[in-house]
Amino acid sequence: MTILKRFLSLLFIGLLQINLAQAALEIVITEGQNTARPIAVVPFKWLGNSPAPSNLTDFAAIIADDLRNSGRFNPLGRGLMPQTPTDEADVNYAAWKETGIEAIVLGTVTPLKDGRLQLHFQLVDVARGVKNQEPQKIDGKTVLSKSHVLLNLKGNFSTRRPRHISHRLSDYIFENLTGTRGAFLTRIAYVAINYEDKYPFKLLISDYDGMNQHVLFRSTEPVMSPSWDPTGTKLAYMSMEDKKHEIWIYDLVTRKRELIKPYKGSNILPAFSPDGSKLALVLSKSGQPDIYVYDLKSKQIERLTRNRGIDTEPSWSPDGKDIFFTSERGGTPQIYKINLSNKRIERLTYEGRTNLNSSVTPNGEYLVMVSLQKGKYSVSKQDLSDGYVQTLTNGRLDKSPSVAPNGSMVIYSTVVKGKQVLSLVSMDGRFKAVLPASKGEVKAPSWSPFLTTKKN
């Protein structure tokens, strides 16, 4: 078997028969909840003159799920709450302190005459709240401090996108309590296959938690390797719909596709540059897979590697100055980096028999990859400053890791009970969750960039 044929056979390992359910993915916590910070998200109170509609979104439940899914927080069950206040002034801080809760989220929902809803929510610090209940003298006056009210926000919104609003509130809470921007208002793209369907191969997107799932593209031939552009409005992916390996770009706004000019041989594994102007990709036009950069404006390509073995799986550094890739030039698959200005190539991984499928965290500090150790393919991270490697997962066939845009979590493909599923792991490896499709299997996840511009 030639090197190219062996590479392509490896590329398609794991294209398993599945029955994709239209139901959303359901997150199941598997590890790490005891290490999370205790928080309470009190059910939001309906303030309408008439009873709340039966289909009213449970905003508090979505926020609690978001915070739990991050691995950083452990929301208190509603049955264990000492009270259900709707305003900071009604909080019994002494009672909440007894539960060990560090912070409380509470709020109200009010219907407006124009059909919209007004949502008011607060985030309060329990320890500060206990202290601030004691009167203090400021400028000779006795007052109660409100420094324990960390967030106090009110806004009007359409009823068409309630989950969108809930995720945005979760982002506010997460950033306030951790100092890191939240990534709940993001999406994931992934691939599904069902050989019993007329179009077995599908490219899908959903919210980060699997809700609001949409099929973008269906094909009778394999679809693989989705990659987001930095605006979150386009996806590059590889398809074999013309009976050959080609790269397409799907525009989520116009719903139109563009074929990237195919070259002789394979055209695979596209990755958008951080500024969205280029694609890193793998072409075998010269006989073996090498790394190229394709300029989306000029339509010109630049060859970066010239190796007799396999150079594949390109990904960009956050600043766009380097490309990381997998190569067998050292005898076994390892991660290398090429500097785009001087074309200098540097090997980065030495620990483990095989390291592949790499990407760099948004802060540029860690290399996330799949490592083969003791017969298992697991997700690991390597500190780029000192080379220290930490194993994050303990599966046997973990692959395709994709890092959240805030660097707090990694989504990856794995096998659970013989089924291909997506899983989450926190960047410290302490929290893990499985996102199984209730009647099927999914794979090749790609986490979107932030979908909103941060306001200072």
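**View 1. Helix α2 (residues 59–69) is mostly covered in this predicted model.** Of the 11 residues in α2, 8 are buried, where buried means under 20% relative accessible area, exposed over 50% and partly exposed in between, with a 1.4 Å probe and protein chains only. The buried residues are Phe59, Ala60, Ile62, Ile63, Ala64, Asp66, Leu67 and Asn69. An α-helix has 3.6 residues a turn, so residues three or four places apart point the same way. Just after α2, Gly71 takes a positive phi of about 85°. Helices (H or I, at least four residues) and strands (E, at least two) are DSSP runs, numbered from the N terminus.

**View 2. Phe73 and Phe174 form an edge-to-face aromatic pair.** The structure holds 8 aromatic pairs: rings of Phe, Tyr and Trp (its six-membered ring) pair if their centres lie within 6.5 Å, and planes under 30 degrees apart count as stacked, over 60 as edge-to-face and the rest as tilted. For Phe73 and Phe174, the distance is 6.2 Å centre to centre, with 75° between the planes. Phe73 sits in strand β4 (residues 73–75) and Phe174 in helix α5 (residues 162–178), so the pair links distant parts of the chain, 101 residues apart. Both Phe73 and Phe174 are buried. Ring pairs also join these two with Phe184 and Tyr208 in a cluster.

**View 3. Phe217 and Tyr237 make a tilted pair.** The ring centres of Phe217 and Tyr237 are 5.6 Å apart and their planes meet at 40°. Strand β12 (residues 214–219) holds Phe217 and strand β14 (residues 234–239) holds Tyr237, so the pair ties together parts 20 residues apart in sequence. Both Phe217 and Tyr237 are buried.

**View 4. Tyr377, Leu397 and Val415 make a nonpolar surface patch of about 230 Å².** Val415 is found in strand β30 (residues 409–416) and is partly exposed, with a relative accessible area of 33%.

View 5. The mean pLDDT (the predictor's confidence in each residue, from 0 to 100) is 88 for the protein chain, and 88% of its residues reach 70 or more.

**Notes.** Residues are numbered from 1 along each chain as its sequence is written, and side-chain values use heavy atoms, leaving out hydrogens and water. In this predicted model, local features need pLDDT of at least 70 and side-chain atom pairs count only at pLDDT 80 or more, while totals for chains, interfaces and linings use all residues.

Terms used:
Patches are made of residues with over 30% relative accessible area and no salt bridge: like charges are joined within 9 Å, nonpolar side chains (Val, Leu, Ile, Met, Phe, Trp, Tyr) within 5 Å. Accessible areas come from the Shrake-Rupley method with a 1.4 Å probe; for residues, only the protein chains shown count as cover. A salt bridge is a side-chain nitrogen of Lys or Arg within 4 Å of a carboxyl oxygen of Asp or Glu.
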